[in-house]
Amino acid sequence: MSEFVSKSLCVLGRQPTLSLAELESLYGAQHVKPCLPHAALLNIAASEINFKRLGGTLKVAQLFSVLPSSDWESAYQYLAQNIPKHLQNVPEGKFTLGVSAYGLDVSLKEFNAGLLSLKKIIRASGRSVRIVPNKALELNAAQVLHNSLTKRGAWELLLVRDGKQIYLAQTYFVQDIEAYAARDQARPKRDARVGMLPPKLAQIIINLAVGQIERTAGSIQRTDNKSQTPDVQRYTLRVLDPFCGTGVILQEALLMGYHVIGTDIDPRMVEYSKTNIKWLVEKYPQIEGHVVIEQADATAYQWPRFSVLASEVYLGRPLASWPTPEKLREIINDVNTIIKKFLENLAPQLKAGQQVCLAVPAWRSNVIGLTYHIKHLPLLDTLTDMGYNRVDLVHVKNDDLVYFREDQIVARELLILEFRG
Ligand SMILES: C[S@@+](CC[C@H](N)C(=O)[O-])C[C@H]1O[C@@H](n2cnc3c(N)ncnc32)[C@H](O)[C@@H]1O
């Protein structure tokens, strides 16, 4: 096997194992090296990483050095020696610097004091500089965006500790939080009862579903990252969501450059999806993907041809408090029956080896010690009998593919399934 040469670093999101799974799915396990909990290294240049479609990556940075020590003092010495030197190659004029530290054992006070003396050293070298003040050791996406740290005349430098070493990298891309918020909250139709699938999670689900095909085609890196518009120049695959609800998966798949088919049993949801997609296409007129949205029962329907299936299936009703054991059994049984029937209906419509990604419900019980106990869908034990294998990732355990917010009882478990044929 060829040696792994780290070229870029991705700062992972709130649930780093989901972010890591997404990177592994899109780029292949051999191109990704975990540096949990903060980051993953890739042997792909930052400029080639298609960051707009990565729901789980907060920042993409180009790696430029690895320090053989793990303390802030060594990192500081490195910055003090090297920043003034490198600034000589940056055109004269206003310069802004931001520094983020991940996993370093340093207080914020000490860190900010270090940045202040760094500023003096840079000024003494004849260059004026503004340093973005840190409210935490890491600058958040909003700070990076508002200070234009990925643009000309500015840098964000990342210090990421991995055991006994520190990776140094420069941020190239940062998640466009405003664009995500706009396509989440500004959609004309939303419905709390079917759940609010965050667009970033929808991207992760799609990326876990298309990874195998995209890796084989080698098409994922051919995107123009510079453009601010969505990635809409490919149009080769057709993504099906058989539980489309208000259409978040359809929306994100269209923005990634796929054709979409959405079906839902509830005519109101079909209308919601249609309205939302019409709104999206008006907002992003460069979208050219075909859209089919119809009313259909996923336990019995024969879909038109599709290449990829990505879906947040029926999750049962949202729960504000932990139900009685009998009630919970009833809820789980209900959902399990629908999803099982759906998988049985789907099986003959899949080709052998075809993969799908489903977000299914899992129930988080009260805290036991400091960890939550997760109750899984019973059908997970019978997948093999139905002709499906659960795909194992190299860097992430299947048990860690569970998305939740702290206050949620119903979590979403991400299943990557392969149909055996
Ligand atoms: C969790 S929601 C999906 C939400 C969706 N991801 C969105 O963007 O709004 C599940 C959806 O499954 C639909 N559903 C429930 N049973 C179904 C069935 N048998 N066939 C098709 N859709 C079904 C519900 O109407 C609901 O819209």
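**Chatting through the sheet and the ligand shell**

Visitor: Which strands does β4 join up with, starting with β8?
Guide: β4 and strand β8 (residues 165–174) run antiparallel, joined by eight bridges. Strands here are DSSP runs of E, at least two residues long, numbered from the N terminus, and two strands pair if DSSP finds at least two bridges between them. β4 (residues 57–67) also pairs with β1 (residues 8–12), antiparallel over five bridges.

Visitor: Okay, what am I looking at, by the way?
Guide: This is a predicted model, where local features need pLDDT of at least 70, side-chain atom pairs count only at pLDDT 80 or more, and totals for chains, interfaces and linings use all residues. Residues are numbered from 1 along each chain as its sequence is written.

Visitor: Which residue does Gln62 stand opposite in β8?
Guide: That's Gln170. Gln62 is also the bridge partner of Ser8.

Visitor: And what's the strand order in the sheet?
Guide: β2-β3-β1-β4-β8-β7-β5-β6, an open sheet of eight strands with mixed pairing. β2 (32–35) and β6 (130–131) are at the edges with a single partner strand each, so one side of each has no neighbour in the sheet.

Visitor: How many bridges link β1 and β3?
Guide: Four, in the antiparallel sense, with β3 covering residues 39–42. Cys10 stands opposite Ala40 there.

Visitor: New topic: how many residues surround the ligand?
Guide: 21, and the closest are Phe243, Gly245, Thr246, Val248 and Ala298. A residue counts as near if its C-beta atom, placed from the backbone, lies within 6 Å.

Visitor: What classes are in that shell?
Guide: 12 nonpolar, five polar and four charged residues. Nonpolar means Ala, Val, Leu, Ile, Met, Phe, Trp, Tyr, Cys and Pro; charged means Asp, Glu, Lys and Arg; the others, Gly among them, are polar.
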